[in-house]
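Here is a short report on some backbone details of one protein model. Take a look at the structure before reading on.

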Amino acid sequence: MSLRLYNTLSGRLEEFRPLERNQVRMYTCGPTVYDYAHIGNYRTFVFQDILRRVFKYRGFEVRHVMNVTDVDDRTIRNARAAGLELRDYTAKYIEAFHVDRQLLCLETPEVIARATDHIDDMAALIQTLIDKGYAYRAEGSVYYRVEKFKEYGKLSKIDFSGIRPGARVDSDNYDKADARDFVLWKAAKEGEPFWNTPLGPGRPGWHIECSVMSMKYLGPTFDIHSGGSDLVFPHHENEIAQSEAATGKPFVHTWLHSEHLIVNGEKMSKSLGNFFTLRDLIAKGFKPTAIRYLLASVPFRRPLNFTFDGIHQAQQSLDRLRNFRFRLTMEKFPPGETNELQKAAVKARQTFEEALDDNLNTAEALGAVFSLVREANTAMDRGEFHDGDRPVFLDLLERWDRIFAVLDDNDYARLRQFGFVQELEAALSHSSARPQADGPAAGTGDGHRASLMAESLPEKEIQRRISERETARRRGDFARADLIRKELLEAGVILEDTKSGVRWKRK
RNA sequence: GGCGCGGUACCCAAGUGGUAAGGGAGAGGUCUGCAAAACCUUUAUGCGUGGGUUCGAUUCCCACCCGCGCCUCCA
């Protein structure tokens, strides 16, 4: 079976065929760097990451361009409030985005394009639109003449005949010939950054950057363009209008849109104030891999209901998979092979791959692996799992993780790398006067505290305590053994006595 | 009003015209010095409501109810 994707443009599930053999050219709408991105944004970015990973898994060569919007009303407003030059202001959030990206194991796109690095290209495209009669000047600004582009609305399926009751009225203070027209170039205003171009001094409208940067790096026609569902209109509709009017060629073959993250029945958004940044969640003690797992676990065309309990459940599920991989790696099994198990593994791989082929059905892909995990665990418990079965199962997990990228328990190493651990340690030392309630509630910060201590506890010391405990156990001094186990647990180290010795892991 | 997504067990969440994946949580049990991990059993005659088509529908059709998103700030 081949990869099928739901194309917003056609409104149908379509078999994916790249325009150029074996190569996928994709453009994804990245962050606007006026603030930290929230995890609703990251839901979309994780989806896009899984998309590119699936393409690669399927043997395609991927050329992925992601934009960074570093000039718009919000970046300008916030930069001014901060008393900084636009470029200096956005630098901070661009950097933060790259840190978040790495924490969430998002692969680096082949091209990351900043809007302000492409002002001249934008001016040139706008000029082309003017020359072709698709754009007009008004008081130093340039607008797109929607009436001229007959296919306007083909992506969003919005009917523009007449004014819709309930539709919002454009609040922009620019003069337009038609209410539907949108701005390509905004005339310079007092106190706002501007660029001197042949169009005159000003700054670009929002939509033009994506037309320009996508076509610059991917050509006039390319395979995939994606973003959150709220970008369908007007952003992507306008991109089509700009690009196709300028080139006379089809712009994008397949449009993919992810549904939103929902909090208490409402879309997570900055304007509603119901958002969490990745940093917020890390500060609450949640691991980035658990967050990635949660964001990846619901297929992208479904709204994803976000709760703390959801992250906790994701963490539990993830632990189950990691426990299994640990057991698979470390436990001694009798020599030989088990035909039944190997067949099951092959079947699980098939199910997993077919699920992803079906419009990236990650939930089903997860299910396939969990079913196999239980089957294998059962066999292990019964002594029916053989040494020769190991590679097939490890291979399956490795393949699965090429897409999901959550199996390695390396959150703290990365958090430390980016300075989060040190920051939290400092915060803890300041608030040490406050008594800590070590309840069972997940994600209250206590778990994180223990993990931090685990980080500061060297491996040598952990090993020393473990052998101390083993000695006590052999003596039958279980009180002492249990005390050591308890002390380590309080320091964030979990001990498990297994058949093949003592296993420890950080909480 | 238009367009779109959704309504499946305590929670999250797949799915099929033939009788409900998977994960989490709970309960009981096995294993263990005790835990943990793992395993076993258990938790929806039921898939928003009402009709229809069918031998048979949760799955198809029609109508309706509810939640959410977009309809020029939005991932």
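## Leu360: a loop residue

Leu360 sits in the loop that joins helix H10 (339-357) to helix H11 (362-382). Helices here are DSSP runs of H or I with at least four residues, numbered from the N terminus. The phi of Leu360 is near 55 degrees, a positive value in a residue other than glycine. Leu360 counts as buried because its relative accessibility is 2%. Buried means under 20% relative accessible area, with a 1.4 Å probe and protein chains only.

## About the model

This is a predicted model, where local features need pLDDT of at least 70, side-chain atom pairs count only at pLDDT 80 or more, and totals for chains, interfaces and linings use all residues. Residues are numbered from 1 along each chain as its sequence is written, chains are lettered from A and ligands numbered from 1 in the order in which they are written, and side-chain values use heavy atoms, leaving out hydrogens and water.

## Ala405: another loop

Ala405 is found in the loop between helix H12 (390-404) and helix H13 (411-417). Its phi is near 50 degrees, again positive in a residue other than glycine. Ala405 has 13% relative accessibility, so it counts as buried.

## Helix H5 and its end

How many residues of helix H5 (residues 208-218) are buried? Nine of its 11 are, so the helix is mostly covered. Among them are Ile208, Cys210, Val212 and Leu218. Just after H5 comes Gly219, with a positive phi of about 95 degrees.

## A cis bond

The peptide bond from Phe233 to Pro234 is cis. Its omega is near 5 degrees. Pro234 belongs to helix H6 (residues 232-247).

How values were computed. Helix = DSSP H or I, 4+ residues; strand = E, 2+ residues; numbered from the N terminus. Buried < 20%, exposed > 50% of the residue type's maximum accessible area, 1.4 Å probe, protein only.
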